[in-house]
2 protein chains.
Amino acid sequence: MQLKVHSLTAAAFAPFGDVIEVTGHAPRWINDGTCERFDDLAHIDVAADGGRAQVSLFRAQPRRLPFAIEHLERHPLSSQAFYPLQPVPFLIVVAEPGAVPEGARLHAFMSSGEQGINFRRNTWHHALLALHQTSVFLVVDRGGPGENCEERHVRGEPVSIDEL
Amino acid sequence: MQLKVHSLTAAAFAPFGDVIEVTGHAPRWINDGTCERFDDLAHIDVAADGGRAQVSLFRAQPRRLPFAIEHLERHPLSSQAFYPLQPVPFLIVVAEPGAVPEGARLHAFMSSGEQGINFRRNTWHHALLALHQTSVFLVVDRGGPGENCEERHVRGEPVSIDEL
C-alpha cells in the first residue's frame, strides 16, 4: 500500500498535534515595533510525573524513496515538538490512535521547511524523516523520570512512501 | 563608550545562560543510526508560580550600526531561549546582575547563526538584535500568570555598538 503525502496544514494535522508556523496567526508587535511575536504556537505537555521541558538538537540523515514505514513510536508522558533549522521540506508520518499503529490508519504530511510540528502526547509517529540533505531540528520534549517511549511494528499490509 | 563584540562561546556566555549548539556536545545515535541527538542543551526554567513552557516565533527586523544600547529587560520568573531559523549572525547584549543594568557592566556577543542562546532567569538582556536581514527565531519561554518582564534604562555613560 502506497501512502499519499499531503501538504501540512494546521487543519489536516489537528488530530495529531500542532503546526508551528506564522501562517494563520496574528502577531503582536514588540521591542518598539521592530519585532513580530507569534505567541504560543504549540501545546507543550511535558509536566506529567515530574517532567520538565527539554531543548535538544537532532541532526538527521536524509531518507531515500521508496521508504517502507515499519515502526512507529509514541510518548505516553509528553508532547514532542520539532522545528527544522533549514528551509528544506521533511516528511511526517502519524497514525490514528490505537493500541498498535495500523497501516490502514497512517497519514503522511510534507512540511514546507518553514513549518515545525508538535506531536500531541501519545500520538503514534515515525522517527524523523529528513529529505534531500542532512537536516538539523530543534526539539522540545520532556526530561524527567519514567519510560516515555513506546515503539511498535505497524500492523497490517506493508506501507511505503514511493513518491512525494 | 563603545561595546566590543565577542564571539559567542559556551564558556564566555556561562554567567548569563546557555549556548544552544552542537559544538562541544557528544551526541547519541537514535532512530536506527540515522540521527544524532544532542540532548538537553538549555536549562529551561519556566515552572515558577504556575508557569509552563511556551513555544513562539519572533520575526525581527535587522538593526543598523551604530546602535545605542539604551534599555535592557529581564524575566524574573523564567529563562528565555532563542534559536535562529536562518544561518545569519545576530547580536546578544547582556549585563552583569544588579538591580539596574549598568553601561560599564554590559557584554556583547555575536552568534554564528548556528548558535541559539538561553538567557538564565533574571539576566538583563537587550531585545532581539537581528542583523543583515529580517530574521525569524524560535523562542522557548514561559506562559502563565504574573508579571514576567522588567525593563530598565541602562545607567551610566551612553553605550553603543559601532562595529562588529
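This is a predicted model: local features need pLDDT of at least 70, side-chain atom pairs count only at pLDDT 80 or more; totals for chains, interfaces and linings use all residues.
Local features are taken at pLDDT of at least 70 and side-chain atom pairs at pLDDT 80 or more, while totals for chains, interfaces and linings use all residues. Residues are numbered from 1 along each chain as its sequence is written, chains are lettered from A in the order written, and side-chain values use heavy atoms, leaving out hydrogens and water.

The contact count comes out even: 38 residues of chain B touch 38 of chain A (contact being heavy atoms within 4.5 Å). About 3400 Å² is buried between the two chains, with carbon and sulfur atoms giving 54%; buried area here is the accessible area (1.4 Å probe) that two parts lose on being put together, summed over both. Val55(B), Leu57(B) and Arg59(B) supply 20% of what chain B buries against chain A, more than any other three residues.

As for polar links, 20 residue pairs across the interface are in polar contact, both residues at pLDDT 80 or more (N or O atoms within 3.5 Å, one able to donate a hydrogen and the other to accept it; residues adjacent in sequence count only through side-chain atoms on both sides). Strand 5 of chain B gives the largest share of the side touching chain A, 9 residues (strands are DSSP E runs of at least two residues, numbered from the N terminus).

Strand 5 of chain B also runs antiparallel to strand 4 (residues 35-38) of chain A, joined by 4 bridges; strands pair if DSSP finds at least two bridges between them. Within this pairing, Glu36(A) stands opposite Arg59(B).
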